[in-house]
Structures are given as C-alpha cells and as structure tokens.
Amino acid sequence: MVTITVTPEQLSSLDLSPVQSWLERAISLNLNRIDESALATIEKQVQFDIQFAREEGDPRELSEIPEVRLWFIRLDSVYPWFPLCLDWQAGEFTRYAAMLVPHEFHRVDGIQFNPEALDLFIMGRVFVLADWLKKYQLPAQFRLKSLAQLLGYDLDDNFLAQL
C-alpha cells in the first residue's frame, strides 16, 4: 500500500504533483503503455492522507469541504481511471465517490449518496474505465463489476459485454 499525502498548499493550488510523482515512479513515466504488470503495480494501492486543518468544532467531513472536493474533481478530470489505483478495502473508493457525488451524512445510516447522482457517477466510471482498459487490452469485466459492487450496484454481464 502507498499513502499519498496532500498538503493544504497542494489543495489550494490544485496541485496534483503527489499523485503524478507516485505514478511516474510506479510505472516508470510511461502512462501511454499500460500492460497487466504495470497495472498490477498501481491497482488498489493508494490511500490518501489529506492534510486540511479545521477549526475546533467544525463537524464537516473532508468530503464536505469545497477545497478538498475541488482537488478531487481535478484529480478525476486528469486521471479518470484513478479509481483503479485506490485501496478499495480501506474504503478509499467510497471516499473518492463522496468527493464527487452529492451526499449527506447521517449518524445512524452513515453516508447517503444522492441516488440519481450516484447512478450517473457509477455509469460514468464504468464507461471511462471500460474504454481505458480496452485501449490497453486489459481484462475489464471483473474489475468493473467489483468497482460497482462497492457502491451497491450489480452490473449485468450482458451489459458489460456490450462495452
């Protein structure tokens, strides 16, 4: 596992260099030629350490802070396939989704995503990742199904075969 630390300065300047540096080291600067072994070195590896100071008594989660969310929107725009790099078991994909999808927190139920926004997010991710994996001739179906299941979606094999 790898922890990528993002400082307040990097958040405020929308600086993706911590992610870029890790990717360059992990796959030797060659983002244009991804194969199964390169993907294995980056897949499900990343946890984020977001350093954002909050005033005492500030009840907001990081995903409710505009500066943090904006940094993740930029990350998602530059590297739309980055969810493959996140440590899914540690909850990083759910946290990533929370940065991009409108939601509310409930003390009892936890995070509650806006259902329509979550539908759009999941399908957008599935389409982007399917195309990206296909471009590099990497197996996609199991990865896409697993990703969707993290947020409670069950993708049909016939649907995935069409992508």
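In the predicted model, helix H5 (residues 92–100) has Glu-92, Phe-93, Tyr-96, Ala-97, Ala-98 and Met-99 as its buried residues, where buried denotes under 20% relative accessible area, exposed over 50% and partly exposed in between, for a 1.4 Å probe and protein chains only. Helices (H or I, at least four residues) and strands (E, at least two) are DSSP runs numbered from the N terminus. The elements covering the buried residues of H5 include strands S2 (46–50), S3 (103–106) and S4 (110–113), together with helices H4 (66–78), H6 (115–135) and H7 (141–150). Residues are numbered from 1 along each chain as its sequence is written, and side-chain values use heavy atoms, with hydrogens and water left out. As the model is predicted, local features need pLDDT of at least 70 and side-chain atom pairs count only at pLDDT 80 or more, whereas totals for chains, interfaces and linings use all residues.

Helices H4 and H5 pack at an angle of about 105°, with their axes 8 Å apart; axes are lines fitted to C-alpha atoms, for helices over the stretch in contact, and angles run from 0 to 180 degrees between N-to-C directions. The two helices are therefore roughly perpendicular, the class assigned to angles of 65 to 115 degrees. On the H4 side, the contact (heavy atoms within 4.5 Å) is made by Val-68, Arg-69, Phe-72, Ile-73, Leu-75 and Asp-76, and on the H5 side by Tyr-96, Ala-98, Met-99 and Leu-100. By class, eight of these residues are nonpolar, none is polar and two are charged.

Asp-76, located in helix H4, is buried because its relative accessible area is 12%. Beyond residues up to four places away in sequence, Asp-76 touches Tyr-96, Leu-100 and Arg-125. Asp-76 and Arg-125 form a salt bridge with the closest N and O atoms 3.0 Å apart, the criterion being a side-chain nitrogen of Lys or Arg within 4 Å of a carboxyl oxygen of Asp or Glu.

Within H5, Arg-95 is bridged to Glu-92, with the closest N and O atoms 3.6 Å apart; the two lie three residues apart, about one turn of the helix. Arg-95 counts as partly exposed because its relative accessibility is 25%, whereas Glu-92 is buried at 7%. A further salt bridge joins Lys-145 and Asp-157 at 2.8 Å between the closest N and O atoms.

Definitions and conventions
Parallel < 35°, antiparallel > 145°, perpendicular 65-115°, else oblique. Nonpolar A, V, L, I, M, F, W, Y, C, P; charged D, E, K, R; others polar.
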